[in-house]
Amino acid sequence: MPDIKIIILLAKYIIATALIIAVIMYPAWLARQTDKNKQNMIIVRLGSWLFLLTGVGWFVALFFAIRK
């Protein structure tokens, strides 16, 4: 039987990975919910996926997702 510490550590990694994926995909989900056209959806997805490392790109994608 696996050690409980290993199970807890694995659960932490799974939860952390799920949260990171949710943060990366949030602008694209928000753009879909606000019925953006296809061009804006592409801008939002590329901005959130490619420029996530800068942080600024993610906020720009979030801005494009919520603007009218």
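**View 1. Confidence along the chain of this predicted model.** Mean confidence within the chain is lowest in α2, at 80, and highest in helix α1 (residues 4–33), at 90. For the chain, the mean pLDDT is 84, and 94% of the residues reach 70 or more. Where pLDDT is low, the predicted coordinates should not be read in detail.

**View 2. Packing of helix α2 against helix α3.** Helix α2 covers residues 38–50 and helix α3 covers residues 56–66. The crossing of the two helices is left-handed.

**View 3. Residues at the contact of α2 with α3.** From α2, the contact takes in Ile43, Val44, Gly47 and Ser48. On the α3 side, these residues meet Gly57, Trp58, Ala61, Phe64 and Ala65. By class, six of the contact residues are nonpolar and three are polar, with no charged residue in the set. Gly counts as polar in this division.

**View 4. Alanine 18 in helix α1.** Alanine 18 has a relative accessible area of 45% and is partly exposed. This class lies between buried, under 20%, and exposed, over 50%. Isoleucine 6 is twelve residues from alanine 18 in sequence. In space, alanine 18 and isoleucine 6 are 18 Å apart, C-alpha to C-alpha.

Key
Residues are numbered from 1 along each chain as its sequence is written. This is a predicted model: local features need pLDDT of at least 70, side-chain atom pairs count only at pLDDT 80 or more; totals for chains, interfaces and linings use all residues. Side-chain values use heavy atoms; hydrogens and water are left out. Axes are lines fitted to C-alpha atoms, for helices over the stretch in contact, and angles run from 0 to 180 degrees between N-to-C directions. Helices (H or I, at least four residues) and strands (E, at least two) are DSSP runs, numbered from the N terminus. A crossing is left-handed if the near helix is turned anticlockwise from the far one by less than a right angle, and right-handed if clockwise. Contact means heavy atoms within 4.5 Å. pLDDT is the predictor's confidence in each residue, from 0 to 100. Buried means under 20% relative accessible area, exposed over 50%, partly exposed in between (1.4 Å probe, protein chains only).
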